[in-house]
Amino acid sequence: MKNASGSVNQMIKNIVFDFGGVLMDWNPRYFYADYFKDLKKMEYFLSEIATFEWNAEQDRGRTLQEGTELLVKQHPDWEKEIRAYYDNWKIMLKGDFPKNVAVLRDLEKTPYRLYGLTNWSSETFPYALENYDFFRIFGGKIVVSGEEKCIKPDPKLWHILSHRYSVKAEESVFIDDNENNIATAEKIGFKTIHATPEIDLKSTLEKLGVKF
(Lines give C-alpha, C1' and ligand atoms only; values in the text may rest on other atoms or scores of the structure.)
Protein backbone atom coordinates (compact mmCIF):
# COMPACT_ATOMS: atom_id res chain seq x y z
CA MET A 1 0.00 0.00 0.00
CA LYS A 2 2.99 2.33 0.44
CA ASN A 3 5.68 3.43 -1.96
CA ALA A 4 9.40 3.60 -1.26
CA SER A 5 9.11 6.92 0.58
CA GLY A 6 6.51 5.48 2.93
CA SER A 7 3.60 7.58 1.67
CA VAL A 8 0.24 6.00 0.94
CA ASN A 9 -0.34 5.03 -2.69
CA GLN A 10 -2.76 7.54 -4.21
CA MET A 11 -3.48 5.65 -7.45
CA ILE A 12 -6.97 4.49 -6.48
CA LYS A 13 -9.45 5.64 -9.11
CA ASN A 14 -12.34 3.17 -8.79
CA ILE A 15 -14.43 1.90 -5.90
CA VAL A 16 -16.55 -1.19 -6.54
CA PHE A 17 -19.42 -2.08 -4.24
CA ASP A 18 -21.14 -5.37 -3.64
CA PHE A 19 -24.75 -4.66 -2.62
CA GLY A 20 -26.20 -7.40 -0.40
CA GLY A 21 -24.54 -7.24 3.02
CA VAL A 22 -22.78 -3.97 2.15
CA LEU A 23 -25.47 -1.49 1.09
CA MET A 24 -28.63 -3.62 1.32
CA ASP A 25 -29.90 -5.65 4.27
CA TRP A 26 -31.49 -8.78 2.76
CA ASN A 27 -32.21 -11.95 4.69
CA PRO A 28 -34.97 -14.56 4.18
CA ARG A 29 -35.32 -14.73 7.98
CA TYR A 30 -37.02 -11.34 7.92
CA PHE A 31 -39.99 -13.10 6.35
CA TYR A 32 -39.74 -16.66 7.61
CA ALA A 33 -39.30 -15.86 11.31
CA ASP A 34 -42.88 -14.62 11.41
CA TYR A 35 -44.07 -17.21 8.89
CA PHE A 36 -42.88 -20.23 10.86
CA LYS A 37 -43.00 -18.79 14.39
CA ASP A 38 -40.61 -21.63 15.13
CA LEU A 39 -36.91 -20.73 14.79
CA LYS A 40 -35.73 -24.33 14.73
CA LYS A 41 -38.09 -25.20 11.87
CA MET A 42 -37.12 -22.02 10.01
CA GLU A 43 -33.41 -22.79 10.27
CA TYR A 44 -34.00 -26.33 9.05
CA PHE A 45 -35.93 -25.02 6.05
CA LEU A 46 -33.26 -22.48 5.14
CA SER A 47 -30.32 -24.83 5.67
CA GLU A 48 -31.79 -28.01 4.16
CA ILE A 49 -34.58 -26.98 1.73
CA ALA A 50 -34.44 -23.39 0.42
CA THR A 51 -30.68 -23.20 0.78
CA PHE A 52 -28.19 -20.46 -0.02
CA GLU A 53 -26.93 -22.60 -2.90
CA TRP A 54 -30.45 -22.95 -4.34
CA ASN A 55 -31.07 -19.21 -4.19
CA ALA A 56 -27.66 -18.55 -5.74
CA GLU A 57 -28.76 -20.34 -8.91
CA GLN A 58 -31.45 -17.69 -9.36
CA ASP A 59 -28.69 -15.11 -8.91
CA ARG A 60 -26.82 -16.99 -11.66
CA GLY A 61 -29.72 -16.48 -14.06
CA ARG A 62 -32.15 -19.33 -13.48
CA THR A 63 -35.68 -17.93 -13.45
CA LEU A 64 -37.55 -17.66 -10.17
CA GLN A 65 -40.28 -19.89 -11.54
CA GLU A 66 -37.85 -22.55 -12.69
CA GLY A 67 -36.04 -22.52 -9.35
CA THR A 68 -39.29 -22.70 -7.43
CA GLU A 69 -40.74 -25.57 -9.47
CA LEU A 70 -37.52 -27.54 -9.25
CA LEU A 71 -37.44 -27.25 -5.47
CA VAL A 72 -41.14 -28.11 -5.12
CA LYS A 73 -40.51 -31.25 -7.16
CA GLN A 74 -37.60 -32.19 -4.90
CA HIS A 75 -39.45 -31.39 -1.66
CA PRO A 76 -43.21 -31.65 -2.27
CA ASP A 77 -43.97 -31.71 1.46
CA TRP A 78 -42.61 -28.16 1.68
CA GLU A 79 -44.45 -26.76 -1.34
CA LYS A 80 -46.30 -24.02 0.51
CA GLU A 81 -43.18 -22.80 2.25
CA ILE A 82 -41.14 -22.90 -0.96
CA ARG A 83 -43.68 -20.95 -2.98
CA ALA A 84 -43.78 -18.34 -0.24
CA TYR A 85 -40.08 -17.58 -0.80
CA TYR A 86 -40.24 -15.38 -3.88
CA ASP A 87 -43.84 -14.36 -3.28
CA ASN A 88 -42.53 -12.55 -0.20
CA TRP A 89 -39.07 -11.60 -1.38
CA LYS A 90 -39.73 -7.88 -0.84
CA ILE A 91 -40.23 -8.52 2.89
CA MET A 92 -36.81 -10.17 2.98
CA LEU A 93 -35.29 -6.92 1.72
CA LYS A 94 -35.43 -5.08 5.03
CA GLY A 95 -33.76 -1.90 3.82
CA ASP A 96 -30.33 -0.35 3.47
CA PHE A 97 -27.36 0.01 5.80
CA PRO A 98 -27.49 3.77 6.49
CA LYS A 99 -23.83 4.20 7.54
CA ASN A 100 -22.51 2.53 4.39
CA VAL A 101 -24.98 4.33 2.15
CA ALA A 102 -23.80 7.60 3.72
CA VAL A 103 -20.24 6.69 2.68
CA LEU A 104 -21.46 6.06 -0.86
CA ARG A 105 -23.16 9.46 -0.91
CA ASP A 106 -19.93 11.09 0.30
CA LEU A 107 -17.99 9.32 -2.45
CA GLU A 108 -20.41 10.72 -5.02
CA LYS A 109 -18.92 14.14 -4.28
CA THR A 110 -15.38 12.95 -5.09
CA PRO A 111 -13.64 12.21 -8.42
CA TYR A 112 -13.64 8.44 -7.76
CA ARG A 113 -15.57 6.30 -10.24
CA LEU A 114 -18.17 4.14 -8.54
CA TYR A 115 -19.37 0.74 -9.70
CA GLY A 116 -21.60 -2.09 -8.54
CA LEU A 117 -20.78 -5.79 -8.80
CA THR A 118 -23.58 -7.88 -7.34
CA ASN A 119 -24.91 -11.41 -7.11
CA TRP A 120 -28.59 -10.70 -7.66
CA SER A 121 -31.45 -12.16 -9.68
CA SER A 122 -32.24 -10.08 -12.74
CA GLU A 123 -35.92 -10.48 -11.82
CA THR A 124 -35.69 -9.05 -8.31
CA PHE A 125 -32.95 -6.45 -8.71
CA PRO A 126 -35.20 -3.94 -10.56
CA TYR A 127 -37.31 -3.61 -7.39
CA ALA A 128 -34.29 -2.46 -5.39
CA LEU A 129 -33.17 -0.21 -8.21
CA GLU A 130 -36.54 1.52 -8.32
CA ASN A 131 -37.08 1.84 -4.57
CA TYR A 132 -33.68 2.96 -3.26
CA ASP A 133 -32.52 6.24 -4.74
CA PHE A 134 -28.83 5.79 -3.96
CA PHE A 135 -28.49 3.29 -6.80
CA ARG A 136 -28.66 6.24 -9.21
CA ILE A 137 -25.21 7.25 -7.93
CA PHE A 138 -23.72 4.41 -9.98
CA GLY A 139 -25.12 5.88 -13.20
CA GLY A 140 -26.02 2.44 -14.50
CA LYS A 141 -22.47 1.13 -14.08
CA ILE A 142 -23.61 -2.03 -12.33
CA VAL A 143 -22.83 -5.65 -13.25
CA VAL A 144 -25.66 -7.95 -12.12
CA SER A 145 -24.90 -11.67 -11.99
CA GLY A 146 -28.39 -12.70 -13.10
CA GLU A 147 -27.97 -10.75 -16.31
CA GLU A 148 -24.48 -12.12 -16.97
CA LYS A 149 -25.30 -15.77 -16.11
CA CYS A 150 -22.41 -16.15 -13.68
CA ILE A 151 -21.93 -15.39 -10.01
CA LYS A 152 -19.15 -14.37 -7.68
CA PRO A 153 -16.66 -15.74 -6.83
CA ASP A 154 -16.28 -16.67 -10.51
CA PRO A 155 -13.51 -14.32 -11.78
CA LYS A 156 -15.50 -13.90 -14.99
CA LEU A 157 -17.81 -11.40 -13.29
CA TRP A 158 -14.88 -9.10 -12.38
CA HIS A 159 -13.52 -9.43 -15.92
CA ILE A 160 -16.89 -8.34 -17.30
CA LEU A 161 -16.72 -5.24 -15.08
CA SER A 162 -13.15 -4.52 -16.15
CA HIS A 163 -13.77 -4.90 -19.87
CA ARG A 164 -17.11 -3.10 -19.95
CA TYR A 165 -16.00 -0.03 -18.00
CA SER A 166 -12.19 -0.05 -18.45
CA VAL A 167 -11.66 -0.73 -14.77
CA LYS A 168 -8.07 -1.68 -13.88
CA ALA A 169 -7.83 -3.90 -10.82
CA GLU A 170 -4.67 -2.24 -9.52
CA GLU A 171 -6.47 1.13 -9.48
CA SER A 172 -9.54 -0.19 -7.68
CA VAL A 173 -10.97 -1.04 -4.27
CA PHE A 174 -13.54 -3.84 -4.05
CA ILE A 175 -15.94 -3.99 -1.07
CA ASP A 176 -17.84 -7.20 -0.25
CA ASP A 177 -19.18 -9.03 2.79
CA ASN A 178 -18.24 -12.49 1.45
CA GLU A 179 -14.74 -13.79 2.17
CA ASN A 180 -14.66 -15.99 -0.93
CA ASN A 181 -15.43 -12.98 -3.12
CA ILE A 182 -12.74 -10.96 -1.37
CA ALA A 183 -10.21 -13.74 -2.00
CA THR A 184 -10.98 -13.82 -5.73
CA ALA A 185 -10.80 -10.04 -6.05
CA GLU A 186 -7.40 -10.03 -4.34
CA LYS A 187 -6.09 -12.70 -6.73
CA ILE A 188 -7.16 -10.54 -9.66
CA GLY A 189 -5.30 -7.58 -8.16
CA PHE A 190 -7.98 -5.47 -6.46
CA LYS A 191 -7.42 -3.79 -3.13
CA THR A 192 -10.22 -5.11 -0.94
CA ILE A 193 -12.35 -4.38 2.09
CA HIS A 194 -14.16 -7.22 3.82
CA ALA A 195 -17.37 -5.49 4.94
CA THR A 196 -18.14 -7.11 8.28
CA PRO A 197 -20.99 -5.67 10.40
CA GLU A 198 -18.63 -3.91 12.81
CA ILE A 199 -16.45 -2.24 10.18
CA ASP A 200 -16.23 1.54 9.82
CA LEU A 201 -16.26 1.71 6.03
CA LYS A 202 -15.21 5.35 5.71
CA SER A 203 -12.15 5.07 7.95
CA THR A 204 -11.17 1.78 6.30
CA LEU A 205 -11.30 3.42 2.87
CA GLU A 206 -9.24 6.32 4.19
CA LYS A 207 -6.57 3.90 5.42
CA LEU A 208 -6.26 2.66 1.83
CA GLY A 209 -5.68 6.22 0.67
CA VAL A 210 -9.19 7.23 -0.41
CA LYS A 211 -9.74 10.98 0.08
CA PHE A 212 -13.16 12.30 1.03
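Predicted model: local features only at pLDDT ≥ 70, side-chain atom pairs only at ≥ 80, totals over all residues.
Me: Why is Asp18 called buried?
Reply: The term buried requires under 20% relative accessible area. Asp18 has 5% relative accessibility, and therefore it counts as buried.

Me: Where does Asp18 lie, and which residues does Asp18 touch?
Reply: Asp18 belongs to the loop between strand E1 (14-17) and strand E2 (24-26). Leaving aside residues up to four places away in sequence, its contacts include Leu117, Asn119, Lys152, Ile175 and Asp177.

Me: What makes the pair of Asp18 and Lys152 a polar contact?
Reply: A polar contact calls for N or O atoms within 3.5 Å, one able to donate a hydrogen and the other to accept it. The side chains of Asp18 and Lys152 make such a contact at 2.8 Å.

Me: How do you know that the buried residues of helix H11 lie on the same side?
Reply: In H11 (residues 179-188), the residues Asn181, Ile182, Thr184 and Ala185 are buried. They cover an arc of only 165° around the axis, and therefore lie on the same side of H11. In general, an α-helix has 3.6 residues a turn, so residues three or four places apart point the same way.

Me: What covers the buried residues of H11, and which exposed residues are on the face turned away?
Reply: The cover includes helix H10 (155-165), strand E6 (172-176) and strand E7 (191-194). The face turned away from the buried side carries the exposed residues Glu179, Asn180 and Lys187.

Key:
Residues numbered from 1 in each chain as written. Heavy atoms only, no water. Buried < 20%, exposed > 50% of the residue type's maximum accessible area, 1.4 Å probe, protein only. Helix = DSSP H or I, 4+ residues; strand = E, 2+ residues; numbered from the N terminus. Arc of directions from axis to C-beta. Contact = heavy atoms within 4.5 Å.
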